[in-house]
Amino acid sequence: MKKIIIILILIVNTSCTDVNKLVEEIAKVEMMEAEHIGLVGAKSEQYRNFQKLKSKASNEELRNLITHKNPILRTYIYLSLIDRKLMKPSDAFKNALRNNESFSKMSSDQIFGTDICTEIYFEIVNFYPNSKREIQQMDSLILYELDENHFLQYMALKDKKHEEKYNDRIKDLAIDYHNSSAIFYIAENNIEIDKSKFKESIKIVMKNREIGTEPLKELNKILINLEDQIKNKTDANNR
């Protein structure tokens with residue numbers, strides 16, 4: 001019986017040591033890496049360590065690592081908890097919002113900026129096709145709690161149709177924060193809005209924001225249409 005207990009203790013200690021070592025290895029790398037990196041698409045050592053950590057760590061160990069100081073490690077932990085169904089994507093997203101740190105990520109030969117919430121969102125969109133409800137809940141969190149001009153605002157509004165209760169918030173994003181995605185959403189869905197303020201916001205976006213040629217053309221079309229509406233209303237009032 002003593003031998004069995006000793007063997008079990010050794011197994012537990014070895015497992016803890018392995019997990020701690022993997023945590024250290026992941027945390028010391030200052031850039032998140034996708035599964036394949038570089039021009040030839042080599043397998044990422046960091047991603048391998050993440051997969052090992054996900055398989056070796058206990059549920060309790062994963063939960064405890066949510067508060068780790070390294071944002072890249074925390075991102076991997078959230079993804080692991082979602083994968084094990086220990087945390088709903090929307091809950092992970094909401095939790096991450098409390099300390100949504102940014103970092104760099106390499107995928108293939110591309111390096112770009114990202115953050116914890118962005119990685120959670122795209123993980124669900126890309127790999128969990130039956131998560132429409134969870135994505136809706138994350139979109140709601142994005143609209144109300146994330147930075148007003150964060151890239152995910154685009155994801156929450158592009159080709160989406162939200163319930164009318166979100167309209168006031170989307171109008172605020174368009175007029176008060178000059179959010180181009182909110183402007184497009186309002187125009188596409190014919191949402192009633194103060195046309196004069198809407199017009200000024202569009203002008204500010206066109207003047208101050210670095211947006212692509214096609215979005216700029218679309219904004220100009222919206223602006224021309226809006227000016228026609230304002231002119232027609234003015235003419236009707238003067239009759």
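Close-up 1. Helices are DSSP runs of H or I with at least four residues, strands are runs of E with at least two, and both are numbered from the N terminus. Gln 153 has a relative accessible area of 0% and is buried (buried means under 20% relative accessible area, exposed over 50%, partly exposed in between; 1.4 Å probe, protein chains only). A polar atom of the Gln 153 side chain lies 3.2 Å from the backbone oxygen of Asp 147. This is a polar contact, defined as a pair of N or O atoms within 3.5 Å; within protein, one must be able to donate a hydrogen and the other to accept it, and residues adjacent in sequence count only if both atoms are side-chain atoms. Leaving aside residues up to four places away in sequence, Gln 153 touches Ile 142, Leu 143, Leu 146, Asp 147, Glu 148, Leu 173, Asn 179 and Ser 181 (contact means heavy atoms within 4.5 Å). Residues are numbered from 1 along each chain as its sequence is written. The model is predicted, with local features needing pLDDT of at least 70 and side-chain atom pairs counting only at pLDDT 80 or more, while totals for chains, interfaces and linings use all residues; side-chain values use heavy atoms, without hydrogens and water.

**Close-up 2. Helix α4 (residues 71-83) and its ends.** Twelve of the 13 residues of α4 are buried, so the helix is largely enclosed by the rest of the structure. Among them are Arg 74, Tyr 76 and Tyr 78. At the start of α4, a side-chain oxygen of Asn 70 comes within 2.9 Å of the backbone nitrogen of Ile 72. Lys 85, which follows α4, has a positive phi near 65 degrees.

**Close-up 3. Strand β1 (residues 31-37) between its pairing partners β3 and β2.** β1 and β3 run parallel and are joined by four bridges; strands pair if DSSP finds at least two bridges between them. Met 32 has Lys 105 of β3 as its bridge partner. β1 and β2 (residues 42-43) run antiparallel, with two bridges, and His 36 is partnered by Lys 43. Four residues separate β1 and β2 in this hairpin, and Gly 38 in the turn has a positive phi of about 85 degrees.

**Close-up 4. The salt bridge between Lys 105 and Glu 119.** The N to O distance is 2.8 Å (a salt bridge is a side-chain nitrogen of Lys or Arg within 4 Å of a carboxyl oxygen of Asp or Glu). Lys 105 is in strand β3 (residues 102-108) and Glu 119 in helix α6 (residues 116-127), so the pair ties together parts 14 residues apart in sequence. Lys 105 is buried at 14%, and Glu 119 is buried at 11%. The whole structure contains 15 salt bridges.

**Close-up 5. Salt bridges Asp 139–Lys 160 and Glu 218–Lys 221.** Asp 139 and Lys 160 meet at 2.7 Å, N to O. Asp 139 is in helix α7 (residues 132-145) and Lys 160 in the loop between α8 and α9, 21 residues apart. Asp 139 is buried at 2%, whereas Lys 160 is partly exposed at 26%. The closest N and O atoms of Glu 218 and Lys 221 are 3.5 Å apart. Both residues lie in helix α12 (residues 213-238), three residues apart, about one turn of the helix. Glu 218 is partly exposed at 35% and Lys 221 is exposed at 53%.

Conventions. The expected span of a helix is 1.5 Å times one less than its number of residues.
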